[in-house]
There are 2 protein chains.
Amino acid sequence: MKKNLSRREKVLDLLYQNQDKYLSGEELSNKLGVSRTSIWKYINYLREAGYQIESSSKVGYRLITSADNLLPEEIKRNLNTEIIGQEIIYYKEIESTNDTAKRLAQSGVDEGTVVIAEEQKRGKGRLGREFCSPLGGIWLSCILRPDIKPTLATRATYIASLAIVKTINKLSAVDAKIKWPNDILIGDKKVSGILTEMGAELDRVDYLVVGMGINLNFSLDNFDESLHNKVTTIYHETGKKVSRVEFVQALLEEIERIYYKLNNFEEILEEWKAYSYTLGRIVKIDSKREEIIGEAIDIAEDGALLVKVDDKVRKFYSGEVSLCHQGFNSGN
Amino acid sequence: MKKNLSRREKVLDLLYQNQDKYLSGEELSNKLGVSRTSIWKYINYLREAGYQIESSSKVGYRLITSADNLLPEEIKRNLNTEIIGQEIIYYKEIESTNDTAKRLAQSGVDEGTVVIAEEQKRGKGRLGREFCSPLGGIWLSCILRPDIKPTLATRATYIASLAIVKTINKLSAVDAKIKWPNDILIGDKKVSGILTEMGAELDRVDYLVVGMGINLNFSLDNFDESLHNKVTTIYHETGKKVSRVEFVQALLEEIERIYYKLNNFEEILEEWKAYSYTLGRIVKIDSKREEIIGEAIDIAEDGALLVKVDDKVRKFYSGEVSLCHQGFNSGN
């Protein structure tokens, strides 16, 4: 699907389609109905963004190599979605994609808008924790506007975790799992985290911002050594780099597919359970009042974790749950 | 308490304290440690805001009448609070105090910050409805940052409704009541409404914006005639105008007093019930699936309305509840 492409996006698209030959400035100018000066500006923009584009005043332009950066024109070229990622806002560097997405959501941008950055300077985890987000990873936030009550907002985290784990396993042949509620693990090490935030009236969600961070094409050196037994990256696990553009495309498509099932949570949950790391394990709940140990046995219809404690099943909602004999609450 | 006053606020304060005599520019300038040109600017600002200030080049300045507008310096002069209203952001005209307060909350302003306007051009009610907000009323939004889960955010509406009803009854000797969850009535007509919005992670509130609109010193003519049997104003009911500055001061002080009890909801509720219009009445619940009629009998610990339907007690959360034989869902 190639809809809603801007002129800049169309220039890149034409260069991709014609990598075997040269396209003259005049051809490009005619096809897009803009001046040759504009074409020249678009080409320069692409070069600055890391594309290698050969040019000759006689024959024109030819794309040599792309940059595997996350430019919207690159992601949207082969993106097969109707809503998610139809608008992509790109930053080389950003404080936090979630904070920017929340501002945009409040100013009224469309559902499906994605904020993406090569690097986050102040990436955020749950409860205000830091989230390390160097070059080579995927750091993006997606704006959703479902017509649901705030109590159901937790479904967004299920959608994102399922989409991430499926995308990781499909593109890098590892066996990632979901640690309830919002982490993705390879083995027992965290490779991805999710932070869902919302703006709402008391009985109606205005927007959800689902922030996702995936440790893709960078080495463990980016983390403090004290975290090396708790976090990992896909590159560290497989020794291979994955196309980041393809990863984002696959991820956004998965998100959309699952998001369409929002009102059919049972179905999402069924798929989700196949990737669960938590269910069947002994967990520890640190609430303010007491410390509880029990077996995670299921997910309730409202997204709560059901834990069997002394033959009684209890419900837990937030991320105060940790796996026994592990220290997953800190780091990345 | 006179703390945190800006220089502009101090100029007004000095003028108030010395209404029986003239204050020379030099005196003001010395007391505040600013130039006489600055003093002259502050005086002009106050005049533009509606204050009558006599001046003579020989003897100086003297305050003749205040303006009963809602300038921060005016409200803060005799405001007896520690948090609520310590920062007041004032607009003559605004689109919506809630929208502005949400932006400010997101940018990190302190708890207790109040956004107030003489007039709202696009005042908002629940579920995106319009809220008529002409000159003479009180239109303000208060930013709170309680350390609670989103499911408890409804408490803010209880705090605001109780604070409003107490302030109305104290300052204008009417017998206003609270129509659950977020309207204040005189007789059976709406005189005030509340809109609570929030920004949150799934398990932690970041901010609450509690928007309050009170139909104070203006006539019914401001409403379409079709609404005259549903809405009223305090001026229409009593024929008297109330000092708006005093009203806001009393309201903010009540909010703070009740907010301090946030974690002791039982106590708030006990006070709230004395002003309830809804409890004991027959109500109709319009949910998407069914229409239910029953008797509103109590409020649950989590803020839900308990309705007795066919000898069974059921819980309802949102404003889908209306009183039978009335059409309270529209208007103002």
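Which loop of chain B holds Asn215(B)?

## Model and conventions

This is a predicted model in which local features need pLDDT of at least 70 and side-chain atom pairs count only at pLDDT 80 or more, while totals for chains, interfaces and linings use all residues. Residues are numbered from 1 along each chain as its sequence is written, chains are lettered from A and ligands numbered from 1 in the order in which they are written, and side-chain values use heavy atoms, with hydrogens and water left out.

## Asn215(B)

Asn215(B) sits in the loop between strand S9 (204-214) and helix H7 (234-238) of chain B; helices (H or I, at least four residues) and strands (E, at least two) are DSSP runs, numbered from the N terminus. Asn215(B) has a relative accessible area of 0% and is buried (under 20% relative accessible area, 1.4 Å probe, protein chains only). Its side chain reaches the backbone oxygen of Thr232(B) at 3.0 Å.

## Helix pair H5

Helix H5 (residues 97-106) of chain A packs with helix H5 (residues 97-106) of chain B at an angle of about 175°, their axes 11 Å apart. This makes H5(A) roughly antiparallel to H5(B) (angles over 145 degrees). Lys102(A), Arg103(A) and Gln106(A) of H5(A) and Lys102(B), Arg103(B) and Gln106(B) of H5(B) make the contact (heavy atoms within 4.5 Å).

Key. Buried < 20%, exposed > 50% of the residue type's maximum accessible area, 1.4 Å probe, protein only. Polar contact = N/O pair within 3.5 Å; in protein donor to acceptor, adjacent residues only side chain to side chain. Axes fitted to C-alpha atoms, helices over the stretch in contact; angles between N-to-C directions. Parallel < 35°, antiparallel > 145°, perpendicular 65-115°, else oblique.
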